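Please keep the sequence and the 3D view at hand while reading.

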Amino acid sequence: MSALSDLLHGAEPAHISGYLWAYLDAASKREIRRALLKAVCVPGHITPFASREMPVARGWGSGGLQVTLATIVASEVVKVIDQGDDESLNARTMRALIGDSTGVETTTDARAATLIQTRHRIPEDDLDDGMVLVFQVPISDPLREFEQRPTAARRMHAEGDYAVIWLGLYEDHSRFSRSRFSHSYPCEVEGGYIISTTPIPRFDVPRLHQAPFLSLFGAGREAAVYAIPPYTDVTPITFTDREFEVESFDTPCAKCGSNESYLTEEIVDGRPALVCSDTAHCRRRQDEEGPQ
Ligand SMILES: [Zn+2]
């Protein structure tokens, strides 16, 4: 049998000295976990929590960071992306903070990760049922655009009164023949609450339906979390005669030639070009198949 000290040592890998393991104190982690448990039990319900001051500005992922640090365990392998990119300043600093304060392994390979903290994207790779996705959320409530009074919005959620969202969609289709939602597309979760799918593009929304992974959403500035448990129905709301459409691209990725990934504009060889936003996925395709 292992000595208790060995077990404790194994539970908390070496991390930066002078700070608590995973930065937050135990009471804070417990409080955030309780909020997350409630959020998982009531899918799509916006659950308040006591958002802490973090060493990042609110609006720069402090909510996602708190969710990650409250739920992380020693055996975790962590990936952090910002717009699909592992190397943006936001992603690099988040990854460094999580890695330094816990000592857990970090990776850029989504297939090897067990916990992925993300802003704006779901990785292109297939994610399995052992994974947790933590989303950094700027605006948690899909009603915010239509109803700015939080008490009124809470009542509308409780009563399932989403007429204003439907009316907004109707106006969009009548004026523009399509929905204006390019991101944060409102989706019904398991036939109940309507959630904002954060700033992930419409392209990623179908990935949430019956997803094998657990999705946790953290909004630090708004002190709110919500969740989608694995294998849950997530339905983008639309009229029966108007199909939900995802973004499509006329050209393949200028770097790896993929026709199936979400593309963003980047300067390639001095010219603007469309390339995969998931940089790790794109780099692996280039390594495997050679540059296009
Ligand atoms: Zn690519």
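A crossover is called right-handed if, with the strands pointing away from the viewer, the path from the first strand over the helix to the second runs clockwise. In this predicted model, such a right-handed β-α-β unit is made by strand E2, helix H4 (residues 89-102) and strand E3.

**The seven-stranded sheet**

- Seven strands form an open sheet in the order E1-E9-E8-E5-E4-E2-E3, and the pairing is mixed.
- At the edges of this sheet stand strand E1 (47-48) and E3, each of which pairs on one side only.
- Strand E2 covers residues 77-82 and is mostly covered, with five of its six residues buried.
- On one side, E2 runs parallel to strand E3 (residues 105-106), and two bridges join them.
- In this pairing, Val77 is the residue opposite Glu105 in E3.
- E2 also pairs with strand E4 (residues 115-119), in the parallel sense and over five bridges.
- Here Ile81 is found opposite Thr118 in E4.
- Strands of a sheet pair through backbone hydrogen bonds, either parallel or antiparallel.

**The three-stranded sheet**

- A further open sheet has three strands in the order E7-E6-E10, with antiparallel pairing.
- Strand E7 (194-196) and strand E10 (234-236) are its edges; each has a single partner strand, so one side of each is left without a neighbour in the sheet.
- From one strand to the next, the twist averages 40°.
- Strand E6 (residues 186-189) is joined to E7 by three bridges, and the two run antiparallel.
- Pro186 stands opposite Ser196 in E7.

**Helices H2 and H3**

- Two packed helices are described by the angle between their axes and the distance between the axes.
- For helix H2 (residues 26-41) and helix H3 (residues 62-71), the axes come within 9 Å and cross at roughly 105°.
- Angles of 65 to 115 degrees count as roughly perpendicular, and H2 and H3 are therefore roughly perpendicular to each other.
- H2 contributes Lys29, Ile32, Arg33 and Leu36 to the contact, and H3 contributes Gln66, Val67, Ala70 and Thr71.
- By type, the residues of this contact divide into four nonpolar, two polar and two charged.

**Leu208**

- Leu208 belongs to helix H7, which spans residues 205-208.
- Is Leu208 buried or exposed? Leu208 is buried, with 22 other C-beta atoms within 10 Å.
- Leaving aside residues up to four places away in sequence, Leu208 touches Cys187, Thr197, Ser215, Ile228 and Val234.
- Leu208 and Tyr231 are 23 residues apart along the chain, and their C-alpha atoms are separated by 8.8 Å.

Definitions and conventions
Residues numbered from 1 in each chain as written. Predicted model: local features only at pLDDT ≥ 70, side-chain atom pairs only at ≥ 80, totals over all residues. Pairing = 2+ DSSP bridges. Helix = DSSP H or I, 4+ residues; strand = E, 2+ residues; numbered from the N terminus. Axes fitted to C-alpha atoms, helices over the stretch in contact; angles between N-to-C directions. Buried ≥ 20, exposed ≤ 12 C-beta atoms within 10 Å, placed from the backbone. Parallel < 35°, antiparallel > 145°, perpendicular 65-115°, else oblique. Contact = placed C-beta atoms within 7 Å. Nonpolar A, V, L, I, M, F, W, Y, C, P; charged D, E, K, R; others polar.
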